[in-house]
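Biologist: Hi, I'm new to reading structures. Could you walk me through this one?

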Amino acid sequence: MIEKLTLSNKNKILIIGNYGDGNIGDEAILEVLIKKLNDKGIENIYIPSRTPQVLSRIHNGKYKALSIVQLPFIFFRINTIIVGGGGIFSSYTGFFIYFSTLFTTISFFLNKQIYFYSIGFSKSTPFLLKHLSKLAFYFSNGVYLRDLESYRNVKNLGIKSSKLNLVKD
């Protein structure tokens, strides 16, 4: 998936997800993402977490773990946002995904590249989150979904097929 993104070593990337909380699947996705970005020569990677010290112990590679409160201070230095991966759009998601989805939509108007990476999108996604994510997906540069069910659920929101990609989780 990373190979399809228009990225260079000039990109300053913010990766948003549930990282540093010990979910093995989410942490595995992040580990691969960091490695692939570093392999492309991208070292300006910022990852906010509720537990940045745990994040730093879990992952190798060149990136900066941030506390959530540092996020506003880094925002104007980044030019690319990657949201994901994992099953972050479902009835089980917390408040932060609502903020992240709104945040990415606003970022479009500030000329930032926005990608949703290896995400799951369940039918159980709450009504408000479905509509916020529809807006964010519309303004994004690409939505990379981890399974066929997620692909269908996002397509049913009315997002053009040209924005949607099915990738391995």
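This is a predicted model: local features need pLDDT of at least 70, side-chain atom pairs count only at pLDDT 80 or more; totals for chains, interfaces and linings use all residues.

Biologist: Okay! How many helices and strands are in the protein chain?

Modeller: The protein chain has six helices and seven strands. Starting at the N terminus, the order is β-α-β-α-β-α-β-α-β-α-β-α-β.

Biologist: And what does the C-alpha trace span along its principal axes?

Modeller: About 40 × 30 × 30 Å. The radius of gyration is 15 Å, which agrees with the value near 15 Å for a compact globule of 169 residues.

Biologist: What share of the residues is buried?

Modeller: Buried residues account for 49% of the 169. As for the surface, the accessible area is about 8,600 Å², and 57% of that belongs to carbon and sulfur atoms.

Biologist: What about contacts between residues that sit apart in the sequence?

Modeller: Take the contacts between residues at least 6 apart: 70% of them join residues at least 24 apart.

Biologist: Switching to charges, how many positive and negative side chains are there?

Modeller: There are 21 positive and 10 negative ones, and the centres of the two sets are 9 Å apart.

Biologist: Now the strands. Why is β2 said to be largely enclosed?

Modeller: Five of the five residues in β2, which covers residues 45-49, are buried, so the rest of the structure largely encloses this strand.

Biologist: Which way do the β2 residues point?

Modeller: Ile45, Ile47 and Ser49 point one way, while Tyr46 and Pro48 point the other way. In a regular strand, side chains alternate between the two faces of the sheet.

Biologist: How does β1 run next to β2, parallel or antiparallel?

Modeller: Strand β1, residues 13-16, runs parallel to β2, and two bridges join them. Leu14 has Tyr46 of β2 as its bridge partner.

Biologist: And β6, are its faces covered or open?

Modeller: Both faces of β6, residues 142-145, are covered. Gly142 and Tyr144 are buried on one side, with Val143 and Leu145 buried on the other. Strand β5, residues 113-121, pairs with β6 in the parallel sense over three bridges, and Ile119 stands opposite Leu145.

Biologist: Last one: where is Thr51?

Modeller: Thr51 lies in the loop between β2 and α2. Setting aside neighbours within four places in sequence, Thr51 is in contact with Gly20 and Asp21.

Biologist: And what separates Thr51 from Lys155?

Modeller: They are 104 residues apart along the chain, and their C-alpha atoms are separated by 34 Å.

Key. Residues are numbered from 1 along each chain as its sequence is written. Side-chain values use heavy atoms; hydrogens and water are left out. Helices (H or I, at least four residues) and strands (E, at least two) are DSSP runs, numbered from the N terminus. The radius of gyration is taken over C-alpha atoms; the globule rule is 2.2 Å times the number of residues to the power 0.38. Buried means under 20% relative accessible area, exposed over 50%, partly exposed in between (1.4 Å probe, protein chains only). Contact means heavy atoms within 4.5 Å. Accessible areas come from the Shrake-Rupley method with a 1.4 Å probe; for residues, only the protein chains shown count as cover. Lys and Arg count as positive and Asp and Glu as negative; His and the chain ends are not counted. The place of a charge is taken as NZ of Lys, CZ of Arg, CG of Asp or CD of Glu. Two strands pair if DSSP finds at least two bridges between them.
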